[in-house]
Amino acid sequence: SFEGNATISDATTGNLLFYTDGISVWDRQNIVMPNGNFSLFGNSSSTQSAIIVQKPGSTTLFYIFTADAQGGLNGICYSIVDMTLNGGFGDVTTLITNILPQGAEKLTAVRHANGTDIWIIMHGCTDNIFYSYQLTPGGLGAAVTSPVGCFYTNYSGGYDEDIGYIKASPNGRRLAAAIWEQIDTVQIFDFNNCTGVVSNI
């Protein structure tokens with residue numbers, strides 16, 4: 001991949017399950033899944049084009065969250081892979097459900113304090129808002145919004161500040177967001193993995 005990509009492995013054996021560049025999905029044999037050929041809305045020039053998260057309470061369902069490049073109109077979406085399909089090699093069942101119409105190239109996941117659920121964290125395109133979505137055994141909840149940190153703006157027709165990683169500390173209590181070019185900095189925040197709130201730049 002030119003930039004962002006993601007892989008997921010079996011939690012017990014460590015063996016590869018599948019991987020993606022945010023656009024297509026390949027199984028562990030390096031074969032594109034039947035419904036996974038150019039079917040996702042990531043972008044080869046998106047810093048974090050995709051992340052993969054196992055659905056809480058399931059051993060066979062996986063969410064792929066994708067981010068378009070530089071505030072592209074595909075925004076942030078998710079698709080679902082079911083590993084029981086395609087002879088156990090998996091296939092994409094739910095395709096490109098949009099959850100944020102326009103977002104930055106930043107995606108990460110943090111385990112909820114309850115030990116089961118997962119927070120999916122992203123940033124808006126032309127604002128200073130972090131969006132935290134709680135993924136539960138029942139599916140994806142509504143966003144918890146946190147206006148904090150610098151505003152991402154449109155310079156000369158390009159959303160350059162959208163470029164850069166967002167990463168969580170191992171204990172899930174801090175976030176670091178890299179912001180490229182016009183601001184050219186890294187900001188560090190507290191993250192509350194009980195409530196999904198980002199604070200304290």
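**A lysine and its surroundings**

Biologist: What is Lys55 in contact with, leaving aside its neighbours within four places in sequence?
Modeller: With contact taken as heavy atoms within 4.5 Å, Lys55 touches Leu61, Phe62, Tyr63, Thr136, Pro137 and Gly139. Bear in mind that this is a predicted model, in which local features need pLDDT of at least 70 and side-chain atom pairs count only at pLDDT 80 or more, while totals for chains, interfaces and linings use all residues. Residues are numbered from 1 along each chain as its sequence is written, and side-chain values use heavy atoms, with hydrogens and water left out.

Biologist: Where does Lys55 sit, and is Lys55 buried or exposed?
Modeller: Lys55 lies in the loop between E4 and E5, where strands (E, at least two residues) are DSSP runs numbered from the N terminus. Lys55 is buried, meaning under 20% relative accessible area, with exposed being over 50% and partly exposed in between (1.4 Å probe, protein chains only).

Biologist: And which side chain of opposite charge is nearest?
Modeller: That is Asp82, 10.0 Å away, and Lys55 has no salt bridge, a term that requires a side-chain nitrogen of Lys or Arg within 4 Å of a carboxyl oxygen of Asp or Glu. For charge, Lys and Arg count as positive and Asp and Glu as negative, while His and the chain ends are not counted.

Biologist: How many salt bridges are there, then?
Modeller: The count comes to one, and the side chains that form it are those of Arg174 and Asp190, at 3.2 Å from N to O. Because Arg174 lies in strand E13 (residues 174-179) and Asp190 in strand E14 (residues 185-191), the pair ties together parts that are 16 residues apart in sequence. Arg174 is partly exposed at 43% relative accessibility, and Asp190 is also partly exposed, at 23%.

Biologist: Switching to the sheet, which strands are in it, and in what order?
Modeller: Four strands form an open sheet in the order E8-E9-E10-E11, with antiparallel pairing; two strands pair if DSSP finds at least two bridges between them. The edge strands, each pairing on one side only, are E8 (103-111) and E11 (139-147).

Biologist: How many bridges join E9 to E10?
Modeller: Six bridges join them, and His123 stands opposite Phe130 in E10.
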